[in-house]
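Hi,

Here is the structure I promised to pass on. Have a look at it first, then read my notes below.

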Amino acid sequence: MIKKVKVEIDRNSGFCFGVVNAIKKAETELDGRETLYCLGDIVHNSLEVERLRKLGLRTITLGELGELRNRKVLLRAHGEPPSTYQLAQKNNIRIIDATCPVVLRLQQKIHNCYRRNSPKGQIIIYGKEGHAEVNGLVGQTEGTAIVVESLADLSKVDFSRDISFFSQTTNSLAGFKVMVEAIRKQLEQGVTFSWYDTICRQVSNRIPGIKLFAVTHDVVYFVAGSKSSNGRILYDCCRNANPRSFFISHPDEVGDLLPEDAIRIGVCGATSTPKWLMEQVAGRIKEIYQIKEKAELDKSLSTVCCIIFDRAVSDYHLDDDVNYELPNPWEEESLEHRLYRKHWIDAIQWHLEDLIRDPQIRPEEALKVKRRIDRLNQDRTNMVEQIDDYFMKQYGSTVPLPGAGINTETPAWAVDRLSILTLKVYHMNLESMRHDASEEHKFACLTKLSVLLEQKNDLCYALDHLMIDIREGRKYMKTYKQMKMYNDPALNPVLRGKNG
Ligand code: SF4
C-alpha cells in the first residue's frame, strides 16, 4: 500500500556566497556579444556548467589559456596562482576575477607567511593535491608548499624545521584537528609550529545542520558533482548520521527503486549544488511516487479508498492539529479529492471527541468543541452525499436488471465506515506499540487490531462487490439527502425554541 511521502529540500544546502558571487559575475559578463572564457569549471557541478555553457560561457584549460589572446577570462571562486595572472597579462587577457574573498585572504596569508619564514620554515597545506584552490595556494609559495591529504602524507614533512600549517578552505575541521595533533607529536625540540584554521565556515557550519537533516529523514539524496571536495565531506556526514544516504549527481540517478517504507525523504547538497538541481531531484522523487500511486489508483474502489485514507491519516498525524489542514493533493471534483476531504473531516472529528473527554476541560471550551463536532457532522454528511453524487453520475443511467435489489446503504456510506475503520486501525496500532503501556494492554490491543483488520477486509470486499453489482445492474442506487434533524432549526424543537 502506498504511503504518504514528504519530500523536503534542505534550506541550508546550495551555493555558498563565493559560488553565488562567481556565477553572478559570469551572468553579468555574458552579454551575448563577446565569448566569456572560464579557466576550469566555474563550479564543481556539470549541470550548472552546462546551463552556463548554453548562455555562452566556455570552459578552458590552462594550456588553452596560453593560446588565447585579447579575450576576457573569468577566474572562478577557487582562485589562481600568480603565474596565471602573469600569463593573462602577457596574452592581453582581461581578467574577470571571481576569486572568493575567503580564498583571497588565505592566499595573502600564505604569501606573507612564505615571505616571512622562507627558507627556514616549511609551509604545509592540508588539502587535496591538484585541487584548483590548492594549486592557487601552493602558487603563493613559488611551488614549495607541501600538500598533505592524510596522516600518511606527513612522511613528506621535515619535523626538524619550523612548520606553518594551513588548510584548504573546504576541508574537514575534524580532519584538520587530527593533523595538527599528529604534527605536534612528531615535532623535534625547539621547532616552531604555527597552525591556522583557515577552513571556511560556509562548509563547516553546515555540518551540524546537515547531520540533523539526515537523521530526521528516512532516506537522504545528497546531490553534488563528483569533483566537489565539500560535497564528499558533507555527504560523509550525512551517511554517518543516516546510512540510507545516497550520493547522486543527476535527477535520473534517483532510479525507480525508492524504498517502500520511506515517508520522509530529504534532498540536500554541497556548496556547489544549485538549488534548481535539488528541486529537480525532489520533483523526480515525487514523480516516481505519483506513478506508483496512479498504478494503485487504477485498481478497485476499496483500494482507492485505502490509499487515500492511509495517506490522509498519515498527513493528519504529521501535525496532529485539529486546527490545521494540509492542502488537498488531488484535483477538485475528483473522487480522490472528495475521499481525502472526507477522511480529513473524520480525523478532526475523532480528535475533537478525544478533547471533549478531557476531565480538565473548561465548560465553555467543551461547548465550543461540541458545536464544532456538530458542524463537522454536517460536513461529513455533505461529503458522503458528494461522494454518492459522483457514483450517481457514473452509474445513475445504468438500467437495472429485472429483479435488481437495493443495498442497505449507499456506496458512500460504506466508504464512510471504511474511513472510520482506517482511523480505528491507525490508533489501535499506536496503542499496541505504546512504550508506557503494560504487556497485557498491548496484547489486548493487538487482538483488537486483528479483528479490525478483518472487518476492514470484509468491508472492502463488500464495497467492491456492491460497485460491481451496481455497474452490472444487479443492484441500483438511490440516495436520500439531508435527513439530519438535529442541525435544522425547522426540525429541532430546541433550536427553534421549545415554546416557539
Ligand atoms: S566554500 Fe567558502 S571559501 Fe569556498 S567559495 Fe564558498 S565561501 Fe568561498
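A quick word on domains before anything else: their bounds come from an automatic or database domain assignment. Here that gives domain 1 (6-12 + 203-295), domain 2 (17-99), domain 3 (102-199) and domain 4 (299-476). Residues are numbered from 1 along each chain as its sequence is written. Keep in mind that this is a predicted model: local features need pLDDT of at least 70, side-chain atom pairs count only at pLDDT 80 or more, and totals for chains, interfaces and linings use all residues.

Now the overall picture. The chain has 17 helices and 14 strands; these are DSSP runs numbered from the N terminus, with helices being H or I of at least four residues and strands E of at least two. Its radius of gyration is 33 Å, well over the 23 Å that the globule rule gives for 500 residues, so the chain is more spread out than a compact globule. (That radius is taken over C-alpha atoms, and the rule is 2.2 Å times the number of residues to the power 0.38.) Along the principal axes, the C-alpha atoms fill a box of roughly 105 × 60 × 45 Å.

What about the inside? Of the 500 residues, 32% count as buried, meaning that 20 or more other C-beta atoms, placed from the backbone, lie within 10 Å of a residue's own. The largest nonpolar core has 69 residues, and A26, I125, F222, C238 and V281 have the most contacts inside it. Such a core is a set of buried Ala, Val, Leu, Ile, Met, Phe, Trp, Tyr and Cys residues joined through C-beta atoms within 7 Å. Apart from it lies another core of 25 residues, including C306, I387, F391 and L418.

Next, the ligand. Of the 14 residues around it, C16, G18, C100, V102 and C200 come nearest, where a residue is near if its C-beta atom, placed from the backbone, lies within 6 Å. Two or more residues each come from α1 (17-29), α5 (101-117) and α8 (201-204), and α1 gives the most, with three. Domain 2 and domain 3 each supply at least three residues to this shell.

Finally, how do domain 1 and domain 3 meet? Their centres, taken over C-alpha atoms, are 33 Å apart. Five residues of domain 1 are in contact with six of domain 3, which needs C-beta atoms, placed from the backbone, within 7 Å. On the domain 1 side, α10 (229-241) and α8 give two or more residues each, and α10 gives the most, with three.

Enjoy exploring!

Key. Buried ≥ 20, exposed ≤ 12 C-beta atoms within 10 Å, placed from the backbone. Contact = placed C-beta atoms within 7 Å.
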